[in-house]
Amino acid sequence: MPNLALELGKQTASLGVNSVYGEQQDVDGIRLVPVALSWSGFGAGEEEDRGSGGGGGGFAVPLGAYIRKGDDLRFEPNLVSLVAVGIPFVWVAGRALSRVIRALKR
């Protein structure tokens with residue numbers, strides 16, 4: 001039986017830049033390169049008399065795209081993703097700040 005951890009490692013070797021930057025698209029003289037934030041995790045284990053097992057998972061959030069029009073290059077953010085990530089962050093930061101202020105008042 002092949003080593004499961006090595007097999008998972010071989011299959012995930014293509015992750016990295018390819019999972020963050022999408023394939024370049026040309027539309028009416030404008031070049032677009034989509035950008036995402038991604039992370040993944042994998043694990044495996046095996047025991048001679050019991051067998052083997054493994055698994056993994058990942059997550060990606062589209063951040064926006066680099067847009068080149070002639071000599072102009074700019075980044076256009078995906079506002080929906082920014083709001084989806086920003087709202088929980090602001091809530092947690094506000095909650096932590098209110099607890100710090102409450103503790104300092106005592």
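**Close-up views of a predicted model**

**View 1. Glu-47 and Arg-50 make a salt bridge.** Their closest N and O atoms sit 3.8 Å apart; a salt bridge here is a side-chain nitrogen of Lys or Arg within 4 Å of a carboxyl oxygen of Asp or Glu. Glu-47 counts as partly exposed because its relative accessible area is 44%, while Arg-50, at 71%, counts as exposed. The cut-offs are under 20% relative accessible area for buried and over 50% for exposed, with partly exposed in between (1.4 Å probe, protein chains only). By the salt-bridge rule the count comes to 4.

A word on the model: it is predicted, so local features need pLDDT of at least 70 and side-chain atom pairs count only at pLDDT 80 or more, whereas totals for chains, interfaces and linings use all residues. Residues are numbered from 1 along each chain as its sequence is written, and side-chain values use heavy atoms, with hydrogens and water left out.

**View 2. Asp-72, Arg-74 and Glu-76 are linked in a salt-bridge network.** Arg-74 bridges to Asp-72 with the closest N and O atoms 3.6 Å apart, and to Glu-76 with the closest N and O atoms 2.8 Å apart. What about their exposure? Asp-72 has 40% relative accessibility and so counts as partly exposed. Arg-74 is partly exposed too, with 34%, and Glu-76 gets that label because its value is 35%.

**View 3. Four strands line up as an open sheet in the order E1-E2-E3-E4, with antiparallel pairing.** E1 and E4 stand at the edges with a single partner strand each, so one side of each has no neighbour in the sheet. From one strand to the next, the twist averages 30 degrees; axes are lines fitted to C-alpha atoms, for helices over the stretch in contact, and angles run from 0 to 180 degrees between N-to-C directions. E1 and E2 pair over 3 bridges, where pairing takes at least two DSSP bridges between two strands. Gln-25 is the residue opposite Leu-32 in E2. Strands (E, at least two residues) and helices (H or I, at least four) are DSSP runs numbered from the N terminus. Zooming out, the protein chain has 3 helices and 4 strands, running α-α-β-β-β-β-α from the N terminus on.

**View 4. Eight nonpolar side chains make a surface patch: Tyr-21, Leu-37, Trp-39, Phe-59, Leu-63, Tyr-66, Leu-73 and Phe-75.** Strands E2 (30–47), E3 (51–69) and E4 (72–77) are the elements that give two or more residues, and E3 gives the most, with 3. Patch members have over 30% relative accessible area and no salt bridge; nonpolar side chains (Val, Leu, Ile, Met, Phe, Trp, Tyr) are joined within 5 Å, like charges within 9 Å. Tyr-21 belongs to the loop between helix H2 (17–20) and strand E1 (25–27), and counts as partly exposed because its relative accessibility is 40%.

**View 5. Trp-39 is a residue of strand E2.** Which residues does Trp-39 contact, leaving aside its neighbours within four places in sequence? They are Gly-57, Gly-58 and Phe-59, with contact meaning heavy atoms within 4.5 Å. Trp-39 has 48% relative accessibility, so it counts as partly exposed. Its C-alpha atom is separated by 9.2 Å from that of Val-20, 19 residues apart along the chain.

Terms used
Accessible areas come from the Shrake-Rupley method with a 1.4 Å probe; for residues, only the protein chains shown count as cover.
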